[in-house]
Amino acid sequence: MVFLDRNAESVRSSFSYLENWKENQSVFSQSDYIHMSHALRLAEKGLYTTTPNPRVGCVIVNNDQVVGTGWHARAGESHAEIHALQMAGKLAQGASVYVTLEPCSHHGRTPPCVEALIRAGVARVVVAMRDPNPRVNGQGRELLRQAGISVQVGLLAAESEALNIGFVSRMRRNRPWVRVKIAASLDGRTALKNGDSQWITGEAARRDGHKWRARSCAVLTGIGSVKSDDPQLTVRHVDSDRQPVRVLVDSRLEIPLQAKLLQTAGATWIFTATADEEKIQLVENAGARVFNLPDNTGKVDLGRMLTQLARLEINELLIEAGPALSGAMVLAGWVDELICYLAPSLLGNPAQGMLEFPEFTSLSEKLNLQLQDVRKIGQDMRLLARIVGRACAPSGRC
């Protein structure tokens, strides 16, 4: 499963792209590309584990020989540069360092990597992308330069940003990168009229879906899905020593106390619009954390919810919900990407659709998508698509 988005233009259009991303592009050699590609492969090893930190890899080269490699595995543990420096030892002196994210310059869970690089006496640091964290952005580069170390920025920046798309989103937009996962028949139906949906897609597609769960910081569903399917929202079909946070949107706090979300080990966060203290206390006693974020209609304020999730260091949010909640998130503009698994079957018009939208009266109201990847998973087809905008809102306001 390839997670790196090779479409650089689509990544750049997702955010206000890195300042000076082309810096020193003309002086990058073929070996520079080879070593930074190696560093990116190392960074990808932390795909399931580094949250809430970014995925970072590092390669140290001396006299055209790789003398040190490292990648960041977990928050609170050593960063990629430290692992690579420890491997390189004295051979780090005068070496070139390839790192997929600007070295940190502040004391966080661990000491600054910039100081370690300076002490090691490296001669050159090649950085894929600047750190979007305002506590670091540009400062690590400047400290290295002040120490007499050559610094070049921008090599394979798009690939690094794609690997850390959720971290970048949280830092720049104050909200997670949001994906909606949908499993449907070829005619776009996600369940029969009576609610039966297990299983439309095959086992291979379900395993693949659990990989997306595993890389996500949190998985979100709605109270309708809890009532109908009683999901666990845990990673089970792939090896992972970390479980995502389970998030529930439950405006009236109707979750049954025997629901699997409350009975399964791990963190469960519930966003509600009710101020009923008795209900809240019962659910919190069952082990969940409750957030009261009502909007002016008595439902959960989805925008404030995403801001709160960002404050809680959620980088990537995967939505596995029914057509009503998923549709509301898409229409509100809070969804960045769709993961659609299409089975080679037909369920017909009475069956439930993918997303619940109000009636469109003009094609100008349609949502436009940009396909990122299409591939066969078992007997099913998986489509990854970015939402790139619409001409008009459902209300007719353009």
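Which way, left-handed or right-handed, does H4 cross H5 as it passes? H4 passes H5 in a right-handed crossing; a crossing counts as right-handed if the near helix is turned clockwise from the far one by less than a right angle, and left-handed if anticlockwise.

## What you're looking at

This is a predicted model, where local features need pLDDT of at least 70, side-chain atom pairs count only at pLDDT 80 or more, and totals for chains, interfaces and linings use all residues. Residues are numbered from 1 along each chain as its sequence is written, and side-chain values use heavy atoms, with hydrogens and water left out.

The protein has 13 helices and 16 strands, taken as DSSP runs (helices are H or I, at least four residues; strands are E, at least two) and numbered from the N terminus. Buried residues make up 53% of its 398 residues; buried means under 20% relative accessible area, exposed over 50% and partly exposed in between, with a 1.4 Å probe and protein chains only.

## The annotated site

An unreviewed UniProt entry puts a "binding site" at His 79, Cys 104 and Cys 113. UniProt positions follow the numbering used here, feature names are shortened, and annotations may be inferred rather than shown by experiment. These residues span 35 residues in sequence, yet no two of their C-alpha atoms are more than 9.1 Å apart, so they gather at one spot.

His 79 sits in the loop between strand E2 (65–71) and helix H3 (80–88), and at 19% relative accessibility it counts as buried. Cys 104 is in the loop between strand E3 (96–99) and helix H4 (113–120); it's buried too, at 8%. Leaving aside residues up to four places away in sequence, Cys 104 has contacts (heavy atoms within 4.5 Å) that include His 79, Cys 113 and Val 136.

## Two helix pairs

Back to H4 and H5 (residues 139–146): their axes come within 10 Å and cross at roughly 20 degrees, which makes H4 roughly parallel to H5. Axes are lines fitted to C-alpha atoms, for helices over the stretch in contact, with angles from 0 to 180 degrees between N-to-C directions. Under 35 degrees is roughly parallel, over 145 roughly antiparallel, 65 to 115 roughly perpendicular, and the rest oblique. Val 114, Leu 117 and Ile 118 of H4 meet Gly 140, Leu 143 and Leu 144 of H5.

H12 (residues 302–311) and H13 (residues 323–331) pack at about 85 degrees, axes 10 Å apart, so H12 is roughly perpendicular to H13. Here Leu 302, Met 305 and Leu 306 in H12 meet Leu 325, Ala 328 and Met 329 in H13.
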